[in-house]
Amino acid sequence: MPSSQDRMPLIDMKGIGKRFGGVTALDDVDLHVTAGEVLAIVGDNGAGKSTLIKILTGVYRPTSGTMTMAGEPLQLNDHSDAIDRGIDAVYQSLALADHLTPSANLFLGSELTRKVMGVTLLDNRRMRQEAERVLQERLGVRLRSMDVPTSSLSGGQRQAVAIARAVYNTDLKVLVMDEPTAALGPQETARTLKLIQAVRDQGIAVIVISHSLDDVFEVSDRIQVMRRGRLAGVVNTRDSSITSVLGMIVGATDQAA
Amino acid sequence: MSDSTAVPAASGEPDALAAGPTTRERLDRYVALIGPMAMIAALLLLMAILEPARYFRLSNFDIILKDAALYMPMAMAMTLVICTRGIDLSIGSVAALTAIIMAYMVKSFGFPWWVAVPLAISLGALCGLVNGLIITRLKVPDLIGTLAMDLAYRGFALVLAKGVVLSRFPEEIVAIGRGEIPGFVAIPVVIGLTTLLLGYVIYTRTRLGRYALAIGSNPEAAELTGIPVDRYKIYVYVLMGAMAGLAGVMLAGKLNAVQATSAPFFNLHVIAAVVVGGTSLFGGRGSIVGSLAGVLLLSMMINALVTLRIEFFWQSVASGAVIILSVAFYTWLQKSDRDGGGSLAAKLGTPESRRTLRFIALLFAITGALFLLGWIFAGETTAVR
């Protein structure tokens, strides 16, 4: 099986720099990810992980550097541009409306409708069915119930709903996940890591920001280490170790890809 | 793009620990109704003991229903407003203002009623639009924004009508307020129930209802998923204004008169009805059926006070007490982490409770001491009235 380095990168960010006024958040950072792989981004607080990701999802514009997607230049004015290009994110907060049902959350902002006597109404039944289908077929998840407020589901199931929303709504090519297991216990973490693998296995490129090196080594194919706004190194997960990556995060060693 | 490759079941045991909603969750849907239902039941019980003959008459229930009907349209719209985590305190003034303008259109300008009535509703919608713009564009918090507009709209009403009572409306408008389809049911009740039915459809089956709930439940999530939050907030306030305009028409018809000071407590009555009916003031969760129950409960209560010949001014005290008790009861029902440990005495005995009790005692002592002081140094008395 060809290693991910041999395939054409889906996303190629080169020399990305970002300044906020007098503060340099990112300095000459590269990132590339191919379809069907999990890239983990690690680094201490303030390393620039979130900033880099926000540039990819269109929330920020880079001060310097270039981005291409499948060889074509990638210019994003805002987040909806990114979604149009198939790049979406699942945030740490999950962006779920807790009082609404899982299917309502899954379709939030892009509801399915039907016309009844000329009036456009929500098609609640179809949304419910579709939600069940997406969760089951693409993520292998069956929720405890579709008729409860999303807040009463477990952390892992809420995560699944948030991921299903991203997977369903766009012709998703790149999924970014910001600290997906931060608030989860061990059992839920294991379920979420399986979800990440399920998404990857469908050919979607997954970028995961995580503080947990255990999770990173469990689920990722490559690891990108950031330190103080710069790229400290990129390694293949298989060829590396937690100690080694920890060293790069802290600055004891620097390693080229 | 990625074809929907079915993920094999080996990706994990089914994520269901207990299939389906728990019994508690199935009941949760109806909890919103238990509050007002319990209070209605308690009220009926009380009246059955105290004054059964006069309260439990068909004609009396007719009066209650007609009184409640006036508040139904506004309760519907207010449910949506509160679901978005908003509030509208200006509805009484909007009702009075639009009713006064309608009165002038009909009397001074000879507008036919079938233009004047929709016009009043449309003017109400415009008032709601102003509220919505103030809240979304000028970013004034809804509490202070609608409170200030309440003052402004009332001011406009006074400017237009001054102290005059505008009366003798065309019979169609009076019919809207107190008419009856012979042998069937009162027109205001039909209007009220229809608007609530419309509200139920909006709430459960339209984008407006869904987005109103989403905005109240998690405003950031609503923004992130691309919901045009400002536009839908404006829709909700416009609907509220329109319903206030409708209520103004119904009130003018019912009393066959309107003045600048009409509808003084619409806002409290409607908000109380909605909150008593189980809609959460924190947004995200509401119930149109609950608001219907709340409206009925308040009208039943006021009617009970009148039937018991309780002085008019005590009615406000009673209303306030009922609202507080029902909201407290509802909040208690919602608590899933009730602290079962310890009796009331134990709870009062904690150091923190003791400090609070000491503080309360101090306040009473100061007030009592001042009364005592006044009594000791009391001089000549003069007639109060």
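Colleague: How do I read a helix crossing: at what angle do the axes of helix 9 and helix 11 of chain B cross?

Modeller: In this predicted model, the axes of helix 9 (residues 207-217) and helix 11 (residues 229-255) of chain B cross at roughly 110° and come within 10 Å of each other. Helices (H or I, at least four residues) and strands (E, at least two) are DSSP runs numbered from the N terminus. Axes are lines fitted to C-alpha atoms, for helices over the stretch in contact, with angles from 0 to 180 degrees between N-to-C directions. Helix 9 and helix 11 of chain B are therefore roughly perpendicular (65 to 115 degrees; under 35 is roughly parallel, over 145 roughly antiparallel, the rest oblique).

Colleague: Which residues of chain B make that contact?

Modeller: Helix 9 of chain B brings B:Leu208, B:Tyr211, B:Ala212 and B:Ile215, while helix 11 of chain B brings B:Val229, B:Tyr232, B:Lys233, B:Tyr235 and B:Val236. Contact means C-beta atoms, placed from the backbone, within 7 Å. By class, the residues of this contact are 8 nonpolar, no polar and 1 charged (Ala, Val, Leu, Ile, Met, Phe, Trp, Tyr, Cys and Pro are nonpolar; Asp, Glu, Lys and Arg charged; the others, Gly among them, polar).

Colleague: On to sheets. In what order do the 4 strands of the open sheet of chain A lie?

Modeller: Strands of a sheet pair through backbone hydrogen bonds, either parallel or antiparallel. Here the order is 2-1-4-5 in chain A, with antiparallel pairing (at least two DSSP bridges make a pair). Strand 2 (23-33) and strand 5 (72-73) of chain A are the edges, each pairing on one side only. Strand 1 (residues 11-20) of chain A is joined to strand 2 of chain A by 7 bridges, and A:Met13 stands opposite A:Leu31 of strand 2. Helix 1 (residues 49-56) of chain A packs on this sheet, touching strand 1 and strand 2 of chain A, and its direction makes about 115° with that of strand 1.

Colleague: And which residue takes a positive phi in the hairpin of strand 11 and strand 12 of chain A?

Modeller: That is A:Arg228, with phi near 50°, in a hairpin with 2 residues between the strands. Strand 11 (residues 222-227) and strand 12 (residues 230-236) of chain A run antiparallel, joined by 6 bridges. A:Arg222 stands opposite A:Asn236 of strand 12 of chain A.

How values were computed: Residues numbered from 1 in each chain as written. Chains lettered and ligands numbered in written order. Predicted model: local features only at pLDDT ≥ 70, side-chain atom pairs only at ≥ 80, totals over all residues. Contact = placed C-beta atoms within 7 Å.
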